[in-house]
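Good morning, colleagues. Please have the sequence and the structure on your screens as I begin.

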Amino acid sequence: MNEPWLDSSASVLVIGTLSLALIAAVVTVRWGRRLPRRGDWLAGLGILSVIIVLLVTRRHEMSMPVEEVPAAVHGWVWPRIESDALRVGILRDGPGFAVSMIAAALSALFVLNRSVTEREPRQERLFAAALTGSIGMTLAWLSLTAWLAFGGILLTIFSGFLALGTHWDDSTGAGVAARYARERSAALLLSIFGAFALASSGVDLVLVAKASAPLPVGASLGGLLLVLGLFAQTQPFPMSGWLTLPSRASASGRIIFAQAFSAVAALAPLIRLEPLLRASGILQTLGWVSLVSTVLISFQGLFQADWRPAMSAWISASFGLTTCVLAFSGPWAAFSLLLAALFAAFVFTLLASIGADERNRFASRMCLLIAAATGAGLAGFVGFSGSLKSLVDVADNATLATALGLARFAVALLAWKLVWLVPEQRKPGAGHWSGLAIPVIVILASLGVFWTGSLTGGAIPGNPDQVMNSALNFFFGSPESGDAARVLTASSLLWGGVLGALAIAFWSSGRGEDRWLRIRGTLPRFASFIEEGYGADRFFGQLLRGATWLANQLGTWLDHALWGRWVPGAADWVLTRTSGLLNRADGGLIVAIHRGVHRGVHVPAKLLQLVQNGDLQWYLFFAIGSGIAIILHFLRF
Amino acid sequence: MSHHLITLMVFLPFLGVVVQAFLPRGEEQTSATMSAGVSLAASLGGSICGLLLVMGMQTQMADLQAIETLPWIGSFAISYSMGLDGLNALLVLLIAILFPVLIAAEWNQKVGLRGMHGLLLVLQSSLAGAVCAQDLFLLFFFWAMSSLPLYFLIGIWGGPRRETAAFRSMVAAALGNALFFGALVLIFYSVEPHTFSIHELTGGKLGKEAFKLLGAELPVGGVAFGLISLGLALRAPIWPLHGWFIEVAEEAPPSVFVALAAVSVPVATYIFIRLAYSLFPETVAQSADAIVIVGAINLVLGGICAISQRGLKLLLAYVCLSEVGLILIGVGSLSAAGMVGAVYQQLALGLGIAGFGLFSGVLMSRTGESLFRAEDGTPTLGGGAVRAPMMALVAGLVVASLLGFPGSGGFVGHSLLMIGSYSLHPMAVVLACVALLLATYYLFTMYRLVFLGPEVEKRGRALSDLTLREQAYLLPLVGLLVIFGLYPKPLLELVRPTVLALIGIPK
């Protein structure tokens, strides 16, 4: 890795700009109500500065291959040459630049979209969320090592928390925001602990894709914790109970910043560490976990009556599918799906949030359809190529191909269902022109031609419709094309899944009564079980109640009873008894001594008393006795 | 200049007490302000000396610096010996930062302001002296002295059951000090020539000595280590000897509990590290597993007990208990990273606990309420983020540091502790992870119930945001937590050489 002096200054420029932008975000949150236009200009300025610094620092490296991208490494905790050191640095490569720019652009478009923000009571929190989300995404995707990426993910979590802050002041909104922050923070800590375990085992967590040896034996647990923690940022099963919690917070803020941004930020280290994780077999485990989660959550979304939780479920399922594709196919396909999910989430949610009136009904319905096509992976859009490649890569494994196809189908089904669900529930009202213009801009950005170079997004084998260089090839290298049989199998699965999902969605949701809601009515307990996340919340609630009961018992029996009453009581009993015993013994000894002394003194005292009481006999006896004694004494001599 | 800075740092607060005692008593408000001003000046004086000492230290140097030595009680080879190295530098910094903050926090104390400030100054002096002492007797002298002001602070300014709490704290302190002193006497008479100098006793000299008790030959090192460990465990909240700590948490005023939990407890762990690794390296190497087990128990039990807490005071107490367990895991890791992490975490823990305790104190003084959840689970506070956004920001940063989020001081300590301990004690690190995940639950729940949601209508008094004075001492505190998290390099370069030298002794 090069470490030219110039790179350090570029890194300083990036970090410095992001820090200033973060300060601007804090100012917007804290004092936004007093600022003109609730501080949208400040947030916009911050996002613009992020875009400018990205362009300025990237200017010289546009044409550089991945291996020669410069990076600068600094020691954060301990000097960088130490084995246990936590190193940080900025890596300005293609994927990082692309995602950072997209995030900044989407944040800017969100801030500009008056039809979404002007209805919210605490707009400054939304603007701050947009800026913070942009900073977090940039940090996560430009980070050279996992440590700075964790900082970026933390900022995106904070961004999501702010986006939910439009209704912190009511009980439900507060509960949703707090639960979101708690679960995401716990997931982040889990991945951080995994990283600690890896660092302890000597694994270098540098996020530059290169062929890697498997993890040492003791580090497998760390690797597993790391990937599970990062995957949990997509709000998978069993954390999907949050997806369906009702909240009056801005739906677009919730979906874009609380869900999409933090999921994309978490995918940054996952995508970059792919060689290391693949060599250790951890990615296979993650792949199956994410596949099952995708299917479960997709079906959870199908049973939702309201478009908000349904869309939340679709976002989660989409990123779950992206993770699954990363595991079974690789970063090329995963990145394509990531972009598709991000673009589709943005378009979907903005369209759902604008007011519905006669003038924009047709246009917004068309945009919804196109957004669903992007998310479902239809040809012509960026997601198609990734979906196709992933199925080509697993075509030899029938089980895996079927499972992946099923997951693809489930996600597509939910996406198509939203096309009919959203318009029914949109609030009436005159939409601002930006409400449609902005989604159209983003839809254009999601076209496959800009990412694969192919007009159909790689639908035609051999890419005869290639009109420009493929950005994905530039980022991740050209993928293997696969033999014709595999391509045919994969194409059949993909087209069949996507179009079949469209047909079923139309049949179940597009013709009058929603059949999924009918199932809800017919089998309410079954539907409720699925709708609320397959009973996971109840299970964890029981665990928590058990932990609270244990805590109460420990507090009652150990702290208050044992150490508060019994031990002090026992100590007091022992001390009191011992003291009483010694006291009695002491008293007895004193009495005995007193008696002994009394006796020892009593006889001579009595004698003297007798002498003193005037009895002459005694005086005579004494005198005579004394005389005899004296005579005898002198007679001897 | 640096030759007498330690003495100035230790005795300036004492001088402040004396000056304060002789201040004329005029009109009440003027007298109180003057007294508070003198106390703050004395405390700041000591703190500035401490800061100058730390800033003037040479990095990459393991030996003692700023040494001051004077013979004291020559017949018992007791000397006034003070010095600074990587092990105690961060604690000097912690004391320098926190005590002026505590005095500022009690600026408007209505009852016995002079007395309270005086006792805090005595505490500052005694803890600073204990941290810098390089003579065992001198260390014991200051350490034992530190228990007295705490007794009065709790017993006079505490809650309804303050006398019981103060008595229990004194009993625990007295027992602990007695055990500690027994160890000192044993050590003194076991070596020839007799000495209390830590430097002269360093290197495992005691490991070869034995003494006879009731016919049995006992190793001096093992017995003395056990006595010292038990003595310090009684002063720090080490499970299961933590009962007095919980009671004090409930009854003591917030600033007093902060002085105990955020300063006195880290000093106890520092003394353990200093004496264990210097005087008993072989015993430490043999007992490392036991130290880690005790730490893990502390960590997990503290975390579990915190889940059911409904009040800020007890929540803070159990958080402190849990974090001390983490420090012990680092101490028992016998690795440079783990030990440096333990030392660094003392600073991060101190600042984090102080922030938590002080913002809790402000909240309680505003609302008259220390419980954030009623028995039926309903919030008793709530809506704090709207009425007190600065307080919400401070609380958020403190919670982030206690959980060890990247960019906070807690992250640096946690990272070194866990990286250093994982290879030898993976189970302990796994338990630490579980405890920290539990902490995510109860700290976020506390935050949600205090700062989010609607305001509770029946609450006694309205919540208002931090005043300028409160911002003046709280914002720098949390600012330092962020700075120490983003740029820990200067402090780590102070600590590391000493730790490497110390680690080499058991190995």
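Predicted model: local features only at pLDDT ≥ 70, side-chain atom pairs only at ≥ 80, totals over all residues.

Residues are numbered from 1 along each chain as its sequence is written, chains are lettered from A and ligands numbered from 1 in the order in which they are written, and side-chain values use heavy atoms, with hydrogens and water left out.

Let me start with the interface. Chain B brings 49 residues and chain A 48 residues to the contact, where contact means heavy atoms within 4.5 Å. About 4,300 Å² is buried between them, 74% of it from carbon and sulfur atoms; buried area is the accessible area (1.4 Å probe) that two parts lose on being put together, summed over both. In chain B, the residues that lose the most area to chain A are Ile419(B), Tyr422(B) and Arg496(B), together 15% of what that side buries.

How many salt bridges does the rule find across the interface of chain B and chain A? It finds 1, a salt bridge being a side-chain nitrogen of Lys or Arg within 4 Å of a carboxyl oxygen of Asp or Glu. Arg30(A) pairs with Asp465(B), their closest N and O atoms being 3.9 Å apart.

I turn now to the helices, which are DSSP runs (H or I, at least four residues) numbered from the N terminus. In chain A, the axes of H13 (residues 331-353) and H15 (residues 382-394) come within 7 Å and cross at roughly 145 degrees. Axes are lines fitted to C-alpha atoms over the stretch in contact, with angles from 0 to 180 degrees between N-to-C directions. Among the residues that meet are Trp332(A) and Phe343(A) in H13(A), and Val382(A) and Lys389(A) in H15(A).

Key: Helix = DSSP H or I, 4+ residues; strand = E, 2+ residues; numbered from the N terminus.
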